[in-house]
Amino acid sequence: MPKAIVPQKTLELQLQPGPPPATPNMISADYKSVQHRFPIQHGHTKEMSNEYMAFRQHYCLSWGPIISMLRLLEKLLQDYAVPIAFVNGDKLADLALEYELELQPTVPELLSILVNEEDVKNLLQSPGQRYRGSGGRSHAATRIQAQYRMYKQRKAYLEYRHRKWAAGVIALTWVMNVKMATMKRQLKMTRQVELDNFKERARVMARSWHKIKRSRRVIIHMPSLGYAQRVRDTINDLGTIQNAQMARLCDVKDPNVEVIYVSPVPVNDECMQYYTKLLALKPAVDSGNVEDQSELVDRYKIVIPEAIKSFPTHNMCLGTHLKYSPKALKRIRALIHGREAYIVSGMPHVDDLSVAEFLNVPILGPEPDVAHLYSTKSGSKRIFHSANVAVPPGEYDIYTLPQLYDSLAQLITDNLDVRTWLFKMDHEFDGRGTAYCHIADHLRCYMWARKQCEMYGDKWSKKWAQEPIFNKIHSELASILESHCIPLDKKVYGTWQIFLNAFLSRGGVVEATPPSDSVTALTVDMLIEPDGVISNVSSGDQIHAESYYRCWGLSTPQCSVEPDELNKASRRIAEACKSRGVIGHFVIDFVTFINARTGDQELWAVDLNLHYSDSTAMNTLVNFMTNGVFNTKDHLYTISPPVQESRRRQRRRRHQSVEDELPPTPDRYAVYSTKLRHTNLTVVHYSVFFQMCRAHGIGYDVKEKQGTIFTLVDSINRENLGMLTIGDNIQGAMATFARNLSCIHQEISAPNMQGLTNFKQAIEDLEMIIGTTIQNANEVEEES
């Protein structure tokens, strides 16, 4: 390092006695205010420049750290091939003193001492600038090699991670499959044990049934609808639909019976008070005196499973909810402890067996698999064919589109007098899976086919005679069905294409409608007791308010078919069900019409449901309120005389001859529906509703055993309810029912708030039926 040149004035001051001279760090403000700028060109400082020499002379006492910092800056500028940079010497000196005993400065700190900092920074940040400077080629090669090694290692690492993830997935899947298989085996074994125990309890109940039905017992009513999950997922308000059978409480009519009703919806105090008062009418109905009422609270209990609010989106049936409600199960088990009890379910479900297993009680019903198999539309056809009863022309077990077209074309060719055809899905209910099409109205070759049929006469059944017509009909079917086939429930199946896809995936039947303008649908409720005894519980004519193909209500007993013919058909079907292990309640649907060719009345069996139905529950209410019995021979409800009147009659018999006895007690007729719906009922509390009914004279006369009774099924929303009217003739009962609907609708509706309801359609259908029955009665009188 060159020797520092010390000014003469400074030397003189050093030789004079006094305080020591100031250190180089202590620089006066005058010197600091001077900025020493010098250039660095292509990474090399111009050491011979005047600016650099002045800077070096000024900072000669601290030159060591400064020159080290300057070499770092030169190295940086050489590496990035910076053509020229101007250094602020004062900042360089300050930075050198700051890092004298510290680590090396960062690049931003080195750049901060440059006068043209922004220009140099932009140049350093330009892509590839590092490779234009000192050792650029070597650095570029090193960078390329590093990037390649990184890419290679990264690729190997990702492959390793992928294989590790795949191995983990495979291992986890294998563990889950093993656990799932183990769990399935355990569930299968549990289900099998529950089924075996169910059959064993059924055998024990069959052996002792004669004793059970004559002794004190507890009936656990569980109105569950255990349809397939895909069906339940499309049902709104499943709990309300299940609770339509709350009239099961009326089984307390038998003094030996106590009822435990499992409710699928919460029951509020108003609803509880109503049923308490309703069941308290039992002594008054027996005696004919309205004052003879006594509460039967100790003979019935309503149990609400706690799980009904735990699964709001799963649409579970009541049996499943009860299975996952340990508190409710324990309460029921405590109520039946040491007593004879059995379960009466709705549509059977496998979880019903779990409930029965926990309670250790039998079920008055078939196996779930048997019930589901023969409750399908195709399964019911098998039952009807084995029972040798008349059924509509049709085909069942249809799963493919060619099969559908071939079957329908052949059916139309064989039955040209049928104008409308029905398509029914196997696993649906209440008309939801039904579509209809007036094919004859849209078939261009229909009239030609009728002429060909008349021309061939008896030979029309031959295939060679039908082949041209068959081919022509077959070619037109696809377009006709696409354009004119209408699903019955468009909320579930909005279009024919949606319906068709579901129909073919689940299977179904094609069925003819009766070739007549006057068709009556009937419902018969049957019971196969555990000991094999078959009984007819009730019968009724269907009322179709919302749709011609959907039952809305019933008028009972039926008045459309000769009782003997209906009993024979029902008996044969019941025997066919019994041979397949079916016990318990089930429902058969018939249609009857006058054959235009022969003039005879025909009866077709069209549907079978192997479960406890709404009509069975309402029939129990009819028997409770009339103290009557359904006469299966004549299909009449014969009511028993009041107890007081019977005793008076016994006393009079002592003084009267047989010819002077009182006339027999008249019969009763009933009209009921569990599907009344009016959205305006939501704003009307039950107490106000019954006050309104009393104001209009809507009530029940215990003495005359006539009037109106309601069943409350939805105590939360109150939109739905059931209604029963009883009279001494069918026309009067229907007229009362229609009048009640009209009064209720007028009271709860305003011109600008009509609400959504099915009251109007029901009133129109009832008025039409009343007119038809009056006309038929007049014709019978004229003929007689």
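Two strands pair if DSSP finds at least two bridges between them. Keep that in mind for the opening stop of this predicted model.

**The sheet.** Select β4, residues 217–225, and β5, residues 257–262. They run parallel and are joined by five bridges. Now pick His221: across from it, in β5, stands Tyr261.

The open sheet has four, ordered β6-β5-β4-β7, with parallel pairing. Which strands stand at the edges? Select 300–303 for β6 and 341–347 for β7. Each has a single partner strand, so one side of each lacks a neighbour in the sheet. From one strand to the next, the twist averages 20 degrees.

Next, show helix α14, residues 326–335. This helix packs on the sheet and touches β4, β5 and β6. The direction of α14 makes about 165 degrees with that of β6.

**Leu411.** Move to helix α18, residues 401–414, and select Leu411. Is Leu411 buried or exposed? Its relative accessibility is 9%, under the 20% cut-off, so Leu411 counts as buried. Beyond its neighbours within four places in sequence, display its contacts: Pro393, Gly394, Glu395, Trp421 and Val510. For a distance check, pick Ala228: 183 residues away in sequence, with 30 Å between the C-alpha atoms.

**Ser518.** Go to the loop between β12 (508–512) and β13 (519–528), where Ser518 lies. Ser518 has a relative accessible area of 54%, over the 50% cut-off, so this residue is exposed. Show Thr592 and Phe593, which Ser518 touches when residues up to four places away in sequence are not counted. Finish with Leu488: 30 residues from Ser518 along the chain, C-alpha atoms separated by 20 Å.

Conventions:
Residues are numbered from 1 along each chain as its sequence is written. This is a predicted model: local features need pLDDT of at least 70, side-chain atom pairs count only at pLDDT 80 or more; totals for chains, interfaces and linings use all residues. Side-chain values use heavy atoms; hydrogens and water are left out. Helices (H or I, at least four residues) and strands (E, at least two) are DSSP runs, numbered from the N terminus. Buried means under 20% relative accessible area, exposed over 50%, partly exposed in between (1.4 Å probe, protein chains only). Contact means heavy atoms within 4.5 Å. Axes are lines fitted to C-alpha atoms, for helices over the stretch in contact, and angles run from 0 to 180 degrees between N-to-C directions.
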